[in-house]
Amino acid sequence: MGLLDIIDGYPLLGTAFIGLLAVRENLHGAGLGRDLYTQAETFIRDDLEARVIRLSVVEANPVGGFWKRMGFVPTGEWKPYEVQTVASRLILMEKLICSPAK
Ligand SMILES: CC(C)(COP(=O)(O)OP(=O)(O)OC[C@H]1O[C@@H](n2cnc3c(N)ncnc32)[C@H](O)[C@@H]1OP(=O)(O)O)[C@@H](O)C(=O)NCCC(=O)NCCS
């Protein structure tokens, strides 16, 4: 139905990097992306004990709006992205996460 991968400790200890989140196309819009991400955030916070989550989004991909909904903000960093006929930018986004309320 979907997948999400996490690189622990990248680029620094205490940071988790989401490499890819994808939900099967015919299931888009049903809340699965949010569910997958929310469970990943809990795992990153409680099991990996990271306090920052980072990811990069191809600027030409409208999915940046999804990540803003999940609380991510652009850091201002970017890298050129050129694959086959697509020439765009990889925009770095970040979210700071806190311990659960005590
Ligand atoms: C991005 C993706 C994972 C979202 O999954 P989804 O299951 O369709 O998303 P959800 O139904 O959980 O949506 C959660 C919220 O994000 C919003 N949202 C979803 N996709 C969005 C988009 N492309 N732009 C803006 N908002 C979006 C939804 O409207 C919903 O908003 P709400 O807070 O009002 O409920 C899915 O579109 C996908 O697999 N895309 C292709 C792969 C991809 O580009 N992955 C990202 C690479 S890093």
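A salt bridge is a side-chain nitrogen of Lys or Arg within 4 Å of a carboxyl oxygen of Asp or Glu. In this structure, Arg89 and Glu59 form one, with the closest N and O atoms 3.0 Å apart. Arg89 lies in strand β5 and Glu59 in the loop between β3 and α2 (64-69), so the pair ties together parts that are 30 residues apart in sequence. The names of helices (H or I, at least four residues) and strands (E, at least two) refer to DSSP runs, numbered from the N terminus.

The model is a predicted one, in which local features need pLDDT of at least 70 and side-chain atom pairs count only at pLDDT 80 or more, while totals for chains, interfaces and linings use all residues. Residues are numbered from 1 along each chain as its sequence is written, and side-chain values use heavy atoms, with hydrogens and water left out.

The strands come next. Strand β1 (residues 2-8) and strand β2 (residues 15-23) run antiparallel and are joined by 7 bridges; two strands count as paired if DSSP finds at least two bridges between them. Leu3 has Ala22 in β2 as its bridge partner. The two strands β1 and β2 form a hairpin with 6 residues between them, and Gly9 in the turn has a positive phi of about 75°. Strand β2 also pairs with β3, here in the parallel sense and over 4 bridges. In this pairing Thr15 stands opposite Val52 in β3. Between β2 and β3 the chain passes through helix α1 (residues 32-46), and this β-α-β crossover is right-handed. Right-handed means that, with the strands pointing away from the viewer, the path from the first strand over the helix to the second runs clockwise.

How many salt bridges does the structure hold? There are 5. In one of them the side chains of Glu77 and Arg54 meet at 2.7 Å, N to O. Glu77 lies in strand β4 (residues 73-83) and Arg54 in strand β3 (residues 52-58), so this pair ties together parts that are 23 residues apart in sequence. Arg54 also forms a salt bridge with Glu94, the closest N and O atoms being 2.8 Å apart. Glu94 is in strand β5 (residues 86-96) and Arg54 in β3, so parts that are 40 residues apart in sequence are tied together.

Is Arg54 buried or exposed? Arg54 is buried, with a relative accessible area of 14%; buried means under 20%, exposed over 50%, and partly exposed in between (1.4 Å probe, protein chains only). Salt bridges that share partners join Arg54, Glu77 and Glu94 into one network.

The last topic is empty space. A probe the size of a water molecule, rolled over the atoms, shows where such space is left. On a 1 Å grid over the protein atoms alone, a pocket is an open set of points where a 1.4 Å probe fits, with protein on both sides within 12 Å along at least five of seven lines, and lining residues have an atom within 4 Å of a point. Grid points are joined across faces, edges and corners, and a volume is the space filled by probe spheres set on the points.

The largest pocket has a volume of about 510 Å³. Its lining has 23 residues, and Leu21, Ala22, Val63, Phe66 and Trp67 lie nearest its centre. The largest share of this lining, 6 residues, comes from β2. By class, the lining has 15 nonpolar, 7 polar and 1 charged residues. Here Ala, Val, Leu, Ile, Met, Phe, Trp, Tyr, Cys and Pro count as nonpolar, Asp, Glu, Lys and Arg as charged, and the others, Gly among them, as polar.

The second largest pocket holds about 220 Å³ of space. Among the residues that line this pocket are Arg54 and Glu77, along with Tyr10, Trp78 and Leu92. Strands β3, β4 and β5 each supply at least two residues of its lining. The lining of the second largest pocket has 7 nonpolar, 1 polar and 3 charged residues.
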